[in-house]
Structures are given as C-alpha cells and as structure tokens.
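Trainee: Could you take one part of this model and walk me through it closely? I'd like to hear about the salt bridges and what surrounds them.

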Amino acid sequence: MAPRSTKSERIEAAIAAIRRGEFVNYANAAAKYGCDRTTLSKRIRGLTKSKKDANSFFHQCLTIEQEEVLIARINHLTDRGMPPTSHIVKNLAEEIRGDRVRKNWVGQFVKRHSIRLKSLYLRNIDNLRAGAEYAPMFQLFFSVVSYFFAIIMRYFLIIF
C-alpha cells in the first residue's frame, strides 16, 4: 500500500501538472489530485501560500530565500576572517527584510541553521566554554602562579 500524500503535497503536484500544461482548467486537476479547486486556484494566482511559506513569512520574519541569502552572507564573512556577531546578523536581517526583526529572532535563526553556519560568535555559549578549556593554557597559568608563589615565599623567609 503506497503512503498517502499530505494535502499540501497534492496541491503542489496539481500546480506542477497545470504549469506543465497537462490540465487546462483547475477543476480537472483538483479532481485528479484530490484537492479543492478553489484552494488550487488561489494558490496558483498567489492569493494564498502553502503552510511552509506562510510560516516562513509570518513567523520567521524572513522568507526561505532571504534566509538562504543571509546564511550565505554570514558564511562569506566568516570565510574572509570577519565572523559576524549576533548584532551584525540582526542588522543584516533587518536590511534584507526592510523592517525590524523581533527581539529573539537571531537566537532562533541560529538554532534553526546552526549546522550550516560557520561563525563561531554565533555558537552556543556552552560550545565556547568547552573550547576555552585548553589544558596547556591551564598548565601555563599554574606554573606561572607557582613560580611567583615560590619567589614570594623565599622573600618572606629572608626577611624573617
């Protein structure tokens, strides 16, 4: 038994068939693909969006294409040795959008695309803490502290 396609997948398939020229009218395409004719008509004319596109536009502040441009820009800056901070990413997003983004938008954006982003400044603070725990640096610190402690102890032994 073949897996059932979702309503959105059926509508997209009907739109693709109409654009390929397989159907002349929306009613025949809607009947064949099992979707509503008015929904199909509105989607083709651009009056409505798919759920994914609507979520992208209304909840993510940027469309999927705009987010791709932003990801490319962040990675380009990182490759050139100028990794952007979260404030710079916010400014870039507002420039792309032409309007302000929400308060926590950058954090949610980084969370959604953390695998694809190269910038170290945008990583989770816990990742930065783990990277800061570099054993040779600790050894150097404690050797310097013990050296100065030994000098101070000698100084006090000479005085007393």
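**Salt bridges and their surroundings**

Mentor: Searching the whole structure, which is a predicted model, turns up 5 salt bridges. Let's start with Glu12 and Arg43, whose closest N and O atoms sit 3.2 Å apart. Glu12 belongs to helix H1 and Arg43 to helix H3, so this pair ties together parts 31 residues apart in sequence.

The axes of H1 (residues 7-20) and H3 (residues 37-45) come within 10 Å and cross at roughly 65°, and the crossing is right-handed. On the H1 side you'll find Ile11, Glu12, Ala14, Ile15, Ile18 and Arg19; they meet Thr39, Leu40, Arg43 and Ile44 of H3. Sorted by class, that contact has 6 nonpolar, 1 polar and 3 charged residues. While you're on H1, have a look at Ser8, which is in that helix too. Ser8 is partly exposed at 33% relative accessibility, and its C-alpha is 9.2 Å from that of Lys52, 44 residues away along the chain.

Now go to Arg112 and Glu67, where the side chains meet with an N to O distance of 2.6 Å. Here Arg112 is in helix H7 and Glu67 in helix H5, so the bridge ties together parts 45 residues apart in sequence. Arg112 is partly exposed, with a relative accessible area of 34%, but Glu67 is buried at 4%.

Another bridge joins Lys118 to Asp79, with 3.1 Å between the closest N and O atoms. Lys118 is in the loop between H7 and helix H8 (125-132), and Asp79 is in H5, 39 residues apart. Lys118 counts as partly exposed at 42% relative accessibility; Asp79 counts as exposed at 53%, since the cut-off for exposed is over 50%.

The largest nonpolar core has 15 residues, and the members touching the most others are Leu70, Ile74, Val89, Ala93, Trp105, Phe109 and Leu117. Helices H5 (64-79), H6 (86-97) and H7 (105-112) each give two or more residues to this core. Take Ala93: beyond its neighbours within four places in sequence, Ala93 is in contact with Leu62, Leu70, Val101 and Trp105. There is a second, separate core of 11 residues, and among its members are Ile11, Ile18, Ala29 and Ala30. Ile11 and Ile18 bring us back to H1, where both take part in the contact with H3.

Methods. Residues numbered from 1 in each chain as written. Predicted model: local features only at pLDDT ≥ 70, side-chain atom pairs only at ≥ 80, totals over all residues. Heavy atoms only, no water. Core = buried A, V, L, I, M, F, W, Y, C linked by side-chain atoms within 4.5 Å. Buried < 20%, exposed > 50% of the residue type's maximum accessible area, 1.4 Å probe, protein only. Helix = DSSP H or I, 4+ residues; strand = E, 2+ residues; numbered from the N terminus. Contact = heavy atoms within 4.5 Å. Axes fitted to C-alpha atoms, helices over the stretch in contact; angles between N-to-C directions. Left-handed = near helix turned anticlockwise from the far one by under 90°. Nonpolar A, V, L, I, M, F, W, Y, C, P; charged D, E, K, R; others polar. Salt bridge = Lys/Arg side-chain N within 4 Å of Asp/Glu carboxyl O.
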